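Please open the model in your viewer and keep the selection panel at hand.

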Amino acid sequence: MIKKGKNTMNKAKRKAVIAGNWKMNKTPSETTEFVKELIPVVKDADCEVVICVPFVDLQNAIEAAKGSNIRVGAENLHWKESGAYTGEISATMLRDLGVEYVVIGHSERRQYFAETDMTVNLKVKAALAAGLKPILCVGEKLEERDSGATDIVLTTQTRYALDGVGAEDARKIVIAYEPVWAIGTGRTATAGEADAGNGVIRKTLADLYGDETAQAITIQYGGSMNAKNAAELLSKVNVDGGLIGGASLKSADFGIIVAAAK
Ligand code: PGA
């Protein structure tokens, strides 16, 4: 009982972050329209509201969100500051534009764009060095869950991603537990599964940085979170927010999820 009370108190101290991950959706002009629509919907939010949008939409998102409580993030970056890397975007470029957050290591990037634990780690460090807040994604595939490897996958991905990152910087990171089998499939993890996965990540953070730092770090759940299931998922002691794909593309649905994060 005492432990439960302490955990609830720790949760209350952590910053809740609800972040939309638009993936490859919406044009720049649609972005402007959407943000204008979203501003009144989320203006009374008790949590940090972030939209992570395609590179070409960033400028419009930032302009439209000015003066509101909506923060803007990118969905990827390159780890070098500049150079001969055709088609890539650096952390410095993003910061100069006014971007605050960046999604790193999303499973779609790991799966389709050869992202590895090593490049994820380089990107996390580059983002931090430039003053961007990483939203670091980790998560197991279905076969890994079925073979009982979930905990080891989460621990390993978290440890690799944070290699060489000090405790002070680690507090600036948001981690998103995203079981790959739950992303875009409509098959959400149960609230218990989400809480357990986030708990494994928090335990890993405690092993790396000590309990106080681990208790200060925001850990989201992501994977088919929507207007209907958000409140239950977010009620869990280790679930400090959500990374939302599909349901972040409609302002009304995203607003309901934001309102559920108290
Ligand atoms: P989903 O995507 O909400 O559409 O499942 C989540 C994500 O990929 O971050």
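In this predicted model, begin by selecting residues 117-130, which form helix 6, and residues 150-161, which form helix 8. The two helices pack with their axes 8 Å apart, at an angle of about 45°.

From helix 6, select D117, V120, N121 and V124; from helix 8, select Q157, Y160 and A161. Coloured by class, the contact of helix 6 with helix 8 shows four nonpolar residues, two polar residues and one charged residue.

Now move to the ligand and select its surroundings. The ligand is surrounded by 13 residues, and K23, H106, E178, G184 and S224 are the closest. A colouring of this shell by class gives seven polar, four nonpolar and two charged residues.

For H106, a polar side-chain atom lies 2.6 Å from a ligand oxygen atom. At G246, a polar backbone atom is 2.9 Å from an oxygen atom of the ligand. For N21, the distance from an N or O atom of the side chain to a ligand oxygen atom is 3.5 Å.

Terms used: Residues are numbered from 1 along each chain as its sequence is written. This is a predicted model: local features need pLDDT of at least 70, side-chain atom pairs count only at pLDDT 80 or more; totals for chains, interfaces and linings use all residues. Side-chain values use heavy atoms; hydrogens and water are left out. A residue is near a molecule or strand if one of its heavy atoms lies within 4 Å of it. A polar contact is a pair of N or O atoms within 3.5 Å; within protein, one must be able to donate a hydrogen and the other to accept it, and residues adjacent in sequence count only if both atoms are side-chain atoms. Ala, Val, Leu, Ile, Met, Phe, Trp, Tyr, Cys and Pro count as nonpolar, Asp, Glu, Lys and Arg as charged, and the others, Gly among them, as polar. Axes are lines fitted to C-alpha atoms, for helices over the stretch in contact, and angles run from 0 to 180 degrees between N-to-C directions. Helices (H or I, at least four residues) and strands (E, at least two) are DSSP runs, numbered from the N terminus. Contact means heavy atoms within 4.5 Å.
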